[in-house]
Amino acid sequence: MANILLCVTGSIAAYKAADLASKLTQAGHDVTAIMTHAATQLVTPHTFLNLTGNRCYTDLWDPQGQTEHIALTDAADLAVVAPATANALAKIAHGLADDMVHTTLIAVRCPVLVCPAMNTRMWNHAAVQANLERVRALPNYHVMAPGGPGSER
């Protein structure tokens, strides 16, 4: 089965990422969660540790000085950004790498599935739509349409 990096950002939909981690693990995949600080305000890293059996990464600055984000990308077959907030989309679109999630995404070589989750008014904002177009244009990035199983590309 696949080694999956689950990148969780700070949307109220973060609780659904825990369910996704559980289902992927039950299906036999090796899931490692990475969370933004905002995501940890909604769901705890211990939730993902308990659901996947793997350490959940939240801090780019590992106390042992290891560059975990590189090691994580070396083992990954797929990265899933779920939920992907408007902020996460902007960071991905513009190559910003200021936390564990986004620094890892800059280094990843495997396919990346981006699953946006936000209020309809936010989704329809011109800046969000422009960032979505930039993300769709990135090699190996695929955007899942909100509310449906079909993928937009």
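Eight helices and six strands make up the secondary structure of the protein chain, where helices (H or I, at least four residues) and strands (E, at least two) are DSSP runs numbered from the N terminus. Read from the N terminus on, the order is β-α-β-α-α-α-β-α-α-β-α-α-β-β. The radius of gyration, taken over C-alpha atoms, is 14 Å, close to the 15 Å of the globule rule for 153 residues, so the chain is as compact as a globular protein of that length; the rule itself is 2.2 Å times the number of residues to the power 0.38.

Please keep in mind that this is a predicted model, in which local features need pLDDT of at least 70, side-chain atom pairs count only at pLDDT 80 or more, and totals for chains, interfaces and linings use all residues. Residues are numbered from 1 along each chain as its sequence is written, and side-chain values use heavy atoms, with hydrogens and water left out.

Now let's turn to strand S3. Six of the seven residues of S3 (residues 78-84) are buried, so the strand is largely enclosed by the rest of the structure; buried means under 20% relative accessible area with a 1.4 Å probe, protein chains only. Strand S1 (residues 3-8) runs parallel to S3 and is joined to it by four bridges, with Cys-7 opposite Val-81 in S3. S3 also pairs in the parallel sense with strand S4 (residues 112-116), again over four bridges, and here Ala-79 stands opposite Val-112 in S4. Pairing requires that DSSP finds at least two bridges between two strands.

Across the protein chain, 47% of the 153 residues count as buried.

Definitions and conventions: Buried < 20%, exposed > 50% of the residue type's maximum accessible area, 1.4 Å probe, protein only.
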